[in-house]
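Please keep the 3D view open and look up each residue as it comes.

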Amino acid sequence: MRKLFTLFTLVLIQFIFSQENTFTNQTQKISLSENGNFFIYNNQTYGLKHYNIIFKNEEAKSILTSARANKSIGNVLGFTGGFLMGFGFIMGISGSNDPNIDQDSYKNAGWSVFGIGAGVTLLSLPFSLSVKSKLKKAVEIENGEKTAFNPYFKFQSTGNGIALSYHF
């Protein structure tokens with residue numbers, strides 16, 4: 001009898017703890033990939049352009065459209081700046097084959113184009129850097145998590161005096 005009771009208890013424990021949880025009324029959470037290039041929902045990956053499929057909250061959708069626009073602007077400015085930097089660098093180091101063109105002014109123009117390209121590339125950085133934070137904020141809003149926006153002013157001492165800075 002003791003052996004039968006032990007066997008029954010072991011089978012019952014195995015039966016209880018080996019069952020898969022199939023409770024499907026839980027809300028599925030959307031997560032963002034590490035690099036911020038796609039969403040993960042129900043163990044499937046969705047690109048940024050497929051956000052209409054998984055996002056239902058209108059506020060999150062508006063933040064996502066803003067993030068996608070910033071990503072596009074950042075990509076275009078970054079590509080343009082990189083092209084100008086490369087073109088200016090080649091002009092600056094090679095010079096012109098035409099004997100009627102002053103070599104120094106041609107090279108200086110090349111370095112000027114390089115500088116303009118570097119400026120355009122630096123202009124793309126704020127757009128590109130804001131994308132991931134906006135995507136995270138949209139995912140938090142869609143998942144129902146609280147997003148706290150707590151801007152504050154801070155007095156700081158600088159080398160020449162004091163400064164009032166606004167942190168957000």
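How many bridges join strand β2 to β3, and in which direction do the two strands run?

1. The answer is that four bridges join β2, which covers residues 38-41, to β3, and that these two strands run antiparallel. Please bear in mind from the outset that this is a predicted model. Two of the pairs can be found by eye: I40 stands opposite T45 in β3, and Y41 has Q44 of β3 as its bridge partner.

2. On its other pairing, β2 is joined to β1 by two bridges, and these strands also run antiparallel. Here the residue to look for is S31, which stands opposite I40 in β2.

3. Taken together, the three strands form an open sheet in the order β1-β2-β3, with antiparallel pairing. The edge strands are β1, residues 31-32, and β3, residues 44-47, each of which pairs on one side only.

4. Q28, in the loop between α1 and β1, counts as partly exposed because its relative accessibility is 44%. Leaving out residues up to four places away in sequence, Q28 touches Y41, N42 and N143; Q28 and Y41 are 13 residues apart in sequence, while their C-alpha atoms are 7.2 Å apart in space.

5. When neighbours within four places in sequence are set aside, N37 is in contact with G47, L48 and K71. N37 and K132 are 95 residues apart in sequence, yet the distance between their C-alpha atoms is 8.8 Å.

6. Turning to the helices, is α1 buried or in the open? None of its 16 residues is buried, so α1 lies largely in the open. The helix covers residues 2-17 and reaches 23 Å from its first C-alpha to its last, close to the 22 Å expected at 1.5 Å a residue.

7. A nonpolar patch on the surface is formed by F8, L12, I13, F15, I16 and F17, which together have about 690 Å² of accessible area. F8 has its place in helix α1, and at 54% relative accessibility it counts as exposed, because the cut-off for exposed is over 50%. When you look along a helix of this kind, remember that an α-helix has 3.6 residues a turn, so residues three or four places apart point the same way.

8. Helix α3, residues 58-94, has 37 residues and should span 54 Å at 1.5 Å a residue; its end C-alpha atoms are 54 Å apart, which agrees. Its buried residues include A60, I63, L64 and A67, as well as the glycines G74, G81, G88 and G92. What do the buried residues of α3 pack against? They pack against β2, α2 (51-54) and α4 (103-142).

9. Finally, some values for the chain as a whole. It contains four helices and five strands, which follow the pattern α-β-β-β-α-α-α-β-β when read along the sequence. Of its 168 residues, 21% count as buried, and the chain exposes about 12,700 Å², of which carbon and sulfur atoms supply 61%. Among contacts between residues at least 6 apart in sequence, 47% join residues at least 24 apart.

How values were computed. Residues numbered from 1 in each chain as written. Predicted model: local features only at pLDDT ≥ 70, side-chain atom pairs only at ≥ 80, totals over all residues. Heavy atoms only, no water. Pairing = 2+ DSSP bridges. Expected span 1.5 Å × (residues − 1). Buried < 20%, exposed > 50% of the residue type's maximum accessible area, 1.4 Å probe, protein only. Patch = residues over 30% accessible without salt bridge, like charges linked within 9 Å, V, L, I, M, F, W, Y side chains within 5 Å. Areas by Shrake-Rupley, 256 points an atom, 1.4 Å probe, with all protein chains shown as cover. Salt bridge = Lys/Arg side-chain N within 4 Å of Asp/Glu carboxyl O. Contact = heavy atoms within 4.5 Å.
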